[in-house]
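Here is a report on one protein model and its ligand. Please keep the sequence and coordinates open while reading.

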Amino acid sequence: MYNIKEIIEKQRLFFEEGRTKDIDFRIEKLKILRRVIIENEQEIMEALKKDLNKADFESYETEVGLVLEEIKYTIRHLPNWAGRKRVKTPLTHFLSRSYMYSEPYGITLIMSPWNYPFQLTIAPLIGAIAAGNCSIIKPSEYSYHTSAVIDKLISENFDEYHIAVVKGGREVNKTLLEEKFDYIFFTGSVPVGKIVMEAASKHLTPVTLELGGKSPCIVDETANIDLAAKRIVWGKFLNAGQTCVAPDYLMVQSSVKDKLIHKMKEYITEFYGESPCNNVDYPKIINDKHFNRLLSLLKSGNIIFGGECNDKTNQISPTILDTVTWDSAIMQEEIFGPILPVLEFESLGEVISVVNKHPKPLALYLFTNDNEREKNVIKNIFFGGGCINDTIVHLATSYMPFGGVGDSGMGGYHGKASFDTFSHKKSILKKSNLLDIPLRYPPYKEHLKLLKKIMR
Ligand code: NAD
């Protein structure tokens, strides 16, 4: 249905005209994007409601609002980021100046998942526009309604030769990945990330991979247990656990386990009521496949809270699972749903050792009031990023890059990091013609002695 080759060809011709290199052009497009989102905020939130039953508050907080903030920040800083940067020049290059130019890659492919289907499509697009690229966006087929709104908003307000949306499933993805792009930005699962990287390697296309994994949440005996319980419940059950950086599992020091679980139960009831599956604001699981996968994971331990489900609405209530071990089925895959398995520990050393035996997580959360333990965890566990005494919120900022490491991905974005991700840094040394020091030219004679004095 889509003639992908033709879209790419049109984008390439447009890119070669050079209009996207103009900063005013980029700012104008970012302003249009911002206006279109504001004007269609309600339609976007309705689509998110249909796809995931997200409450308007959650949709604004984690999707629409986040993206608007990011556009505003980018517009404000873009002239500075995009300008030529003068850097120091070593003495060996006497009488020259060094500059770094940020230039767009060209045609970029942005592939996004279904869990935050608006934000995870538009946030990378902001970086791509800001850096002066053309983009083909491929949203997830599972978040059908949101993908349709994105398609409508983009096609009505942007030229296809600058930004195009391609919808569809596996076949469309395959066809897209056969083409040569200048950059691929992929957000999704680890297995599909590998497929994307393999396809990109055929064209030596650089990639950013924003993947997932099992993000630990650690609570030690010095933590403020009440606040920890509240913030863990919020972060875990936001979007019914379908968040890439959700606390996947809980590791709690034995001495505070009962107190923490007691408090978490209280907060779940306070936030979602006695019957979360009848709460109009409680999100649903995206589709039957994931719903059934999660139901089978409920058997991995002893349900000490929740465990109710509604197979008509695909909702599963916030659930806490006890008597779980590292061999349990739920510990073998990313949960991506509202089930929190609880493991106990005696010493922090155990935690560091066991987490490091597993793939590097996307996020890690530590609840503690002990500065030494905080330093120990940050220094000795590999993970993408995280919070001390909170969950999730480290990604909701334009001031720090967000991304994974190892199995949880490569590259980062948000704020300036998005601009940098979508820009090639072209380094230029400009030499003066006033003086030409003969040192580097053969015959070298005694030049080495002098060189050694300069280069040491
Ligand atoms: P997914 O990997 O199944 O799909 C992501 C995208 O890839 C979609 O556009 C989909 O259409 C496409 N795709 C699916 N199968 C494909 C194939 N065989 N070949 C080519 N393309 C294919 O991921 P998902 O289920 O949509 O999202 C959930 C995963 O995404 C979780 O692992 C989660 O942790 C991760 N995630 C990561 C982040 C992050 O920022 N790091 C954010 C959200 C989700």
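How far is an oxygen atom of the ligand from an N or O atom in the side chain of Ser189? The distance is 2.6 Å.

This is a predicted model: local features need pLDDT of at least 70, side-chain atom pairs count only at pLDDT 80 or more, and totals for chains, interfaces and linings use all residues. Residues are numbered from 1 along each chain as its sequence is written, and side-chain values use heavy atoms, with hydrogens and water left out.

**Ligand surroundings**

The ligand is surrounded by 27 residues (a heavy atom within 4 Å). The closest are Trp114, Glu141, Ser189, Leu211 and Glu334.

| Residue | Protein atom | Ligand atom | Distance |
|---|---|---|---|
| Glu141 | side-chain N or O | oxygen | 2.7 Å |
| Ser189 | side-chain N or O | oxygen | 2.6 Å |
| Glu210 | backbone N or O | nitrogen | 3.4 Å |

**Two domains**

The chain splits into domain 1 (6-211 + 408-428) and domain 2 (216-403). These bounds come from an automatic or database domain assignment. The C-alpha centres of the two domains lie 30 Å apart. Contact (heavy atoms within 4.5 Å) involves 28 residues of domain 1 and 30 residues of domain 2.

The size of an interface is often given as the accessible area lost when the parts come together. Between domain 1 and domain 2 the buried area is about 2,300 Å² (1.4 Å probe, summed over both parts). Carbon and sulfur atoms give 52% of that area. Trp114, Ser408 and His414 supply 22% of what domain 1 buries against domain 2, more than any other three residues.

Across this interface the rule finds 15 residue pairs in polar contact, both residues at pLDDT 80 or more.

On the domain 1 side, α3 (41-52), α4 (56-82) and α14 (416-421) each supply at least two residues. Helix α4 gives the most, with six residues. Helices here are DSSP runs (H or I, at least four residues), as are strands (E, at least two), numbered from the N terminus.

**Salt bridges and backbone details**

The whole structure holds 26 salt bridges. One of them joins the side chains of Lys5 and Glu179 at 2.8 Å, N to O. Lys5 sits in helix α1 (residues 4-17), and Glu179 in the loop between α7 (170-178) and β6 (183-187); they are 174 residues apart.

Pro442 and Pro443 are joined by a cis peptide bond, with omega about -5°. Pro443 belongs to the loop between β18 (423-431) and α15 (447-454). Asn239 is not a glycine, yet its phi is positive, about 55°. Asn239 is in the loop between α9 (225-237) and β9 (249-253).

Notes
Buried area is the accessible area (1.4 Å probe) that two parts lose on being put together, summed over both. A polar contact is a pair of N or O atoms within 3.5 Å; within protein, one must be able to donate a hydrogen and the other to accept it, and residues adjacent in sequence count only if both atoms are side-chain atoms. A salt bridge is a side-chain nitrogen of Lys or Arg within 4 Å of a carboxyl oxygen of Asp or Glu.
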